[in-house]
Protein chains: 4
Amino acid sequence: MLGPKVWSSVRRGLSRALSRTMGSWASGEGRKMDISGIYPPVTTPFTATAEVDYGKLEENLHKLGTFPFRGFVVQGSNGEFPFLTSSERLEVVSRVRQAMPKDKLLLAGSGCESTQATVEMTVSMAQVGADAVMVVTPCYYRGRMSSAALIHHYTKVADLSPIPVVLYSVPANTGLDLPVDAVVTLSQHPNIVGIKDSGGDVTRIGLIVHKTRRQDFQVLAGSAGFLLASYAVGLMSQGAIGGAWGCQLAGAVGGVCALANVLGAQVCQLERLCLTGQWEDAQKLQHRLIEPNTAVTWRFGIPGLKKTMDWFGYYGGPCRAPLQELNPAQEEVLRLDFTSNGWL
Amino acid sequence: MLGPKVWSSVRRGLSRALSRTMGSWASGEGRKMDISGIYPPVTTPFTATAEVDYGKLEENLHKLGTFPFRGFVVQGSNGEFPFLTSSERLEVVSRVRQAMPKDKLLLAGSGCESTQATVEMTVSMAQVGADAVMVVTPCYYRGRMSSAALIHHYTKVADLSPIPVVLYSVPANTGLDLPVDAVVTLSQHPNIVGIKDSGGDVTRIGLIVHKTRRQDFQVLAGSAGFLLASYAVGLMSQGAIGGAWGCQLAGAVGGVCALANVLGAQVCQLERLCLTGQWEDAQKLQHRLIEPNTAVTWRFGIPGLKKTMDWFGYYGGPCRAPLQELNPAQEEVLRLDFTSNGWL
Amino acid sequence: MLGPKVWSSVRRGLSRALSRTMGSWASGEGRKMDISGIYPPVTTPFTATAEVDYGKLEENLHKLGTFPFRGFVVQGSNGEFPFLTSSERLEVVSRVRQAMPKDKLLLAGSGCESTQATVEMTVSMAQVGADAVMVVTPCYYRGRMSSAALIHHYTKVADLSPIPVVLYSVPANTGLDLPVDAVVTLSQHPNIVGIKDSGGDVTRIGLIVHKTRRQDFQVLAGSAGFLLASYAVGLMSQGAIGGAWGCQLAGAVGGVCALANVLGAQVCQLERLCLTGQWEDAQKLQHRLIEPNTAVTWRFGIPGLKKTMDWFGYYGGPCRAPLQELNPAQEEVLRLDFTSNGWL
Amino acid sequence: MLGPKVWSSVRRGLSRALSRTMGSWASGEGRKMDISGIYPPVTTPFTATAEVDYGKLEENLHKLGTFPFRGFVVQGSNGEFPFLTSSERLEVVSRVRQAMPKDKLLLAGSGCESTQATVEMTVSMAQVGADAVMVVTPCYYRGRMSSAALIHHYTKVADLSPIPVVLYSVPANTGLDLPVDAVVTLSQHPNIVGIKDSGGDVTRIGLIVHKTRRQDFQVLAGSAGFLLASYAVGLMSQGAIGGAWGCQLAGAVGGVCALANVLGAQVCQLERLCLTGQWEDAQKLQHRLIEPNTAVTWRFGIPGLKKTMDWFGYYGGPCRAPLQELNPAQEEVLRLDFTSNGWL
């Protein structure tokens, strides 16, 4: 595997250099922030009494900081954000900002059910150091979340956010897919830079890439299970389309992958293999990551991810209730998904 | 229609008198609180600038207070609770307590995603005057909300709540049905008095009534659309089963009906017709309530309910974003569902 | 329990006498056929080598003939009709016609995927003795089965059928609910007499009863699990509405219940209790039938029903492949659903 | 675009030469049949009176025969097989066999609901000239279609089939995904050569490719919408894995694409671009095919596909009822999906 330095130059060659564009979008002069790359969605460590363990959080960050990630997602679904108070959410972002390498991006999940609360959380997260926010679709009233309602919600948030906004569609949790037509409309907003799409429907991802190709709009795969396929349908169009349409960031340009919390090197390697066109090796690696990825996402969820983190030298620890620890039988299945693919 | 007084005596004859058992359950000596009857799930009025309009809330309560409701549900799904801050949630409960008639029950929705937050909200709601709490199933991590996890959650909340707990299953919002086996286990907890079931599956309601028949456990239909059917599969068993098993509250004993916010007299009349065995008239009335009920629940949601409240002399007003107002075409359909059934 | 004779007079008092109206609908002068009552959906017995065992079929019919059923449904979902050839389907109907009591109705399932095939099967079934046909919604192309397509399908079939047509909606098998607006439109066809609705949504059933109240249209509950509730929302309206609107058959007037193949007396008793207004006893009986009913329908399907038939003195026998026999663990659970409710 | 000849040599270089292995599998000596390539699922033309129009079928085949397809799928979902009689199904296969080029493969859909009927149809289709059969999952009793039941079904069919069997999973029609564990087990059967997977879940496809990598098992994408992604996760592994494991056919090796009935050259071009590693051009082409593909599959179904065939110089014509023709508004949307992507 390449070291972080070489790696960084590889990425630079394939994608444009990072430009922190915080606050500049309103002027309309700058390009959108480049968010390409791999991000682990950081988990929130808890003590035995369910307090946030900021020390363990920082330890995990220091370990994760050695991989060539583009940055970190904080307060995504894997961060148990619905279980944290507002002040805990902000404190976690603040601590991660301090503990993580300076040259990486911090994407903070600021979604709430109401538009107003989301705006307030977004502003606060910018104040404590987030580079961009990732905003999950409101979902409790999913029956009323039409494209119009969602466009209104995200437009308001993006209008008032001091930092770029990433849309976040995660139907397994929300029961709601952000409709493609809403994504296309929102892609035209100067402060909306992309979408994290966790649904796994690569036809949909291809269509989003296609229909936003003139918008400097970026797609992050929301899971390692379809990372290669997302690169295949999205990434390579950058150059070609960039030339034709004058934008440089179109396409699936990365992933927010729970699995990167435990197999960080491997997920980054998969990114590199895709970016450098080594598709055969990429395939072989992708195949071996599917079962472990499924295990730490929808099969066993955060309790599975945290248990695996314990195995791999990180602090996983307990979840907040009502999430329950795995029972021994589940743990065995979880372990098998890693051993049978050669990772344990 | 009967006046509130006669009405009250009718109910007394069919069900036992209200005993406010706050705090007494732990001693194990008392019966569970009787929650039978009809409740409107109160909406939260907002000003044009999206502030809670406590004045309008009180006005609505005064108007609703004239109907023979058993009480009021505050901070249910129709109360837009996910859009309120914690302090707003408590202030609303406090104001309703003061504005509502003294002899009625106040059921307050205290559900949060985490067990700990739910416990805290529950305790606070008891302090500001709730008679019981209604606790919605946590749902963001629905893939991990097994019966075991949900039993753990509700048991913890019920153990620590100073007031009785009502389970709340509303799959249209949560994507999750509280499993029957979990309901049966939880029905044995001395501080869990019943369930509000909004799913509309009357086979399930019948089964819950049957399997909790020894537990003094009460079922409230979560919608006016299947109120008659819920009485039919649940209520009449009270006497018979009470005699046989020594409990008096088994069965579907009421409803939490959004429609009662606009057709309060009619929903109470339907209750009375069922309780007094006037099934033919009950049927005719039930049939005329289905379309209006569907319109103000899943078809047009809270925006539809609030618009209808405006028509019926209450303050409906706007919803908080991202909920959107109905467009004219939707309004027309909504109105037709009331006019075609003779209510407007 | 009442004997068949007394029973018959009870039914006569509540519903009009049977009038076989075969062929008369086209003249527009007669009322629609009365299909009120309970029907077991007859299973198709197979030998060990998967041949239809007509002898066992007749034996079962002779045993079932002693209960006060209104008739028999042949080639419903429980009859494994998708596994039979066209000639087997007709031969089974023919044999049942011969084996069953003369005064009972034979409803034959004639649904096929194409309209043309359904018409042909319908005509053939009339020729071999069916009194009416029950036509399941075509479903392989469910994405294209709009109300318009389904209205066209059923209208064609009803136009060309020499005997009355019963609509059949069974979403558990077809993934498709016949939309209420299509049902309402079709209820106006003189040769469409009712619907068997197996979805279990009693709000929907109430709405169908309400919106077809001027059409002499009858609703049969498709399962014993919500039979009482269906009577409660539908049946009693007959008299009142009949008086008002000049039709006599409106309302949920019966059920097609798999469970009646093994607990025939009990399902008929439940009907009688509902028809005579003995709701308390009806409730107690209904409650004890829910788990057994669930067990022989969606939980264990036809293999569960046939296994139970073996226990209750009928011939169940094997299913055709790919349906598999229950394993011992499943059998134990099945048995428990009957023993725990006092039926075994 | 390459002409058929050059094309053919490209394919030869990437995949092994076709070996018609009919009947040889039982000996255990030969490799499985190579089914790699693109197949249009042929539609069944009907006259205005809904008769099969064999003349138009042959005309369509002659036109389609000019493209570098690997072969034709007959009686797939797009062939309206559920609307044909058994003899029509066989006659269509027989006619296609005669009309199509000799060097192409004929995959015939032989699935029926019962195992026995499927076996019989399979044998008959072999007799009238099919090279392999494609067997859809039985689905009417989907609640009972466990992995065990499906493994039993397919094993029986494969045991008794004189020609190779391709599994066929199409959840949009059947409501059923053939479980991965069943696919893995069945991949070991010497007469089961692959699966047509129409679900569009590329993580699932990657996992199937991975877990069947030792089995000479082939995956055909069931739609043009995720064709590139399927090649990306599957195809390139052939060489590498072939070397390592001694099998040569592993991976996603083609597609059965409704869209190939109207944009045959383009779908074949997409295949070629993937096979030759021209990913940037492949992406651009794939992107432009997504909306047209969606339009002729789940959005407008066979009526949409046939209407488009009329536009592109083939005979589309009417569908059999209950499938309905598109209305003018739908036609306009359909046309827009082609014009906006530059195909009309």
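Guide: Here is a short chat about the model shown above.

Guide: This is a predicted model, where local features need pLDDT of at least 70, side-chain atom pairs count only at pLDDT 80 or more, and totals for chains, interfaces and linings use all residues. Residues are numbered from 1 along each chain as its sequence is written, chains are lettered from A and ligands numbered from 1 in the order in which they are written, and side-chain values use heavy atoms, with hydrogens and water left out.

Visitor: What secondary structure does chain A have?
Guide: Chain A has 14 helices and eight strands. Those are DSSP runs numbered from the N terminus: helices are H or I with at least four residues, strands are E with at least two.

Visitor: And how many of its residues are buried?
Guide: Of 344 residues in chain A, 65% are buried. Buried means under 20% relative accessible area, exposed means over 50%, and partly exposed is in between, using a 1.4 Å probe and protein chains only.

Visitor: OK, new topic. How does chain A superpose on chain B?
Guide: A rotation of 180 degrees with 0.0 Å of shift along its axis does it, with an RMSD of 0.0 Å. That is the relation of a two-fold axis.

Visitor: Where do Glu88(C) and Arg320(C) lie?
Guide: Glu88(C) lies in helix α3 of chain C and Arg320(C) in the loop between α13 and α14, so the pair ties together parts 232 residues apart in sequence. Glu88(C) counts as buried at 15% relative accessibility, and Arg320(C) is buried too, at 9%.

Visitor: What about Glu91(D) and Arg95(D)?
Guide: Their side chains form a salt bridge at 2.7 Å, N to O. Glu91(D) and Arg95(D) are four residues apart in helix α3 of chain D, so about one helical turn separates them. Glu91(D) is partly exposed at 29%, and Arg95(D) is partly exposed at 24%.

Notes
Least-squares fit on C-alpha atoms with pLDDT ≥ 70 in both. Salt bridge = Lys/Arg side-chain N within 4 Å of Asp/Glu carboxyl O.
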